[in-house]
Amino acid sequence: KRHYKLRKQYKENYIFNKKGGVGIENWEELKQMEERLNWIDKKCQNLNWFDVQIFKIYYLNGFSLTTMQMATKINRNTLGKSVRIVKNYLKNEKQKD
């Protein structure tokens, strides 16, 4: 039993204290990232709220689907489907522009 408690504690610390996300080194990258995020926010207004929120967590924080599943207890397939829906929508919107 002790092994499982330590393993669970390790998973929780890894998930909630992970320092992921996007590293910004200079102002040009920061401006480009801000423009990209504004474009994503504008284009995602027509999509389902749940899909957009899952995509934002996935994209901004750099979490994998597995770590998101462990943190939220939402099925990995559901998370993956939401991320795919938004990614495909944004790809199509970019091709239109």
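**Figure 1. Lysine 56 in helix H3 of the predicted model.** Lysine 56 belongs to helix H3. With a relative accessible area of 29%, lysine 56 is partly exposed, because this value lies between the 20% limit for buried residues and the 50% limit for exposed ones. Apart from neighbours within four places in sequence, lysine 56 is in contact with Asp41 and Asn61.

**Figure 2. The packing of helices H3 and H5.** The axes of H3 and H5 are 8 Å apart, and the two helices pack at an angle of about 90°. H3 and H5 are therefore roughly perpendicular to each other. On the H3 side, the contact is made by Phe50, Asp51, Val52, Ile54, Phe55 and Tyr58. H5 contributes Thr78, Leu79, Ser82, Val83, Ile85, Val86, Lys87 and Leu90. Sorted by class, the residues of this contact are 10 nonpolar, two polar and two charged.

**Figure 3. Serine 82 in helix H5.** Serine 82 is part of helix H5 and is buried, with a relative accessible area of 3%. When residues up to four places away in sequence are not counted, serine 82 touches Phe50, Asp51 and Ile54.

**Figure 4. The packing of helices H4 and H5.** H4 and H5 pack with their axes 9 Å apart, at an angle of about 125°. This angle makes H4 oblique to H5. The crossing in which H4 passes H5 is right-handed. Leu65, Thr66, Met68, Gln69 and Thr72 of H4 meet Arg76, Leu79, Gly80 and Val83 of H5 in this contact. Its residues comprise four nonpolar, four polar and one charged. Leucine 65, one of the H4 residues involved, is in contact with Tyr58, Arg76, Leu79, Gly80 and Val83, leaving aside neighbours within four places in sequence.

**Figure 5. The largest nonpolar core.** In soluble globular proteins, nonpolar side chains tend to be buried together. The largest nonpolar core of this model has 12 residues: Ile40, Cys44, Val52, Ile54, Phe55, Phe63, Leu65, Met68, Leu79, Val83, Val86 and Leu90. Two or more residues each come from helix H3 (49–61), helix H4 (65–72) and helix H5 (76–96). H5 supplies the largest share, four residues.

Notes:
Residues numbered from 1 in each chain as written. Predicted model: local features only at pLDDT ≥ 70, side-chain atom pairs only at ≥ 80, totals over all residues. Heavy atoms only, no water. Core = buried A, V, L, I, M, F, W, Y, C linked by side-chain atoms within 4.5 Å. Buried < 20%, exposed > 50% of the residue type's maximum accessible area, 1.4 Å probe, protein only. Contact = heavy atoms within 4.5 Å. Axes fitted to C-alpha atoms, helices over the stretch in contact; angles between N-to-C directions. Parallel < 35°, antiparallel > 145°, perpendicular 65-115°, else oblique. Nonpolar A, V, L, I, M, F, W, Y, C, P; charged D, E, K, R; others polar. Left-handed = near helix turned anticlockwise from the far one by under 90°.
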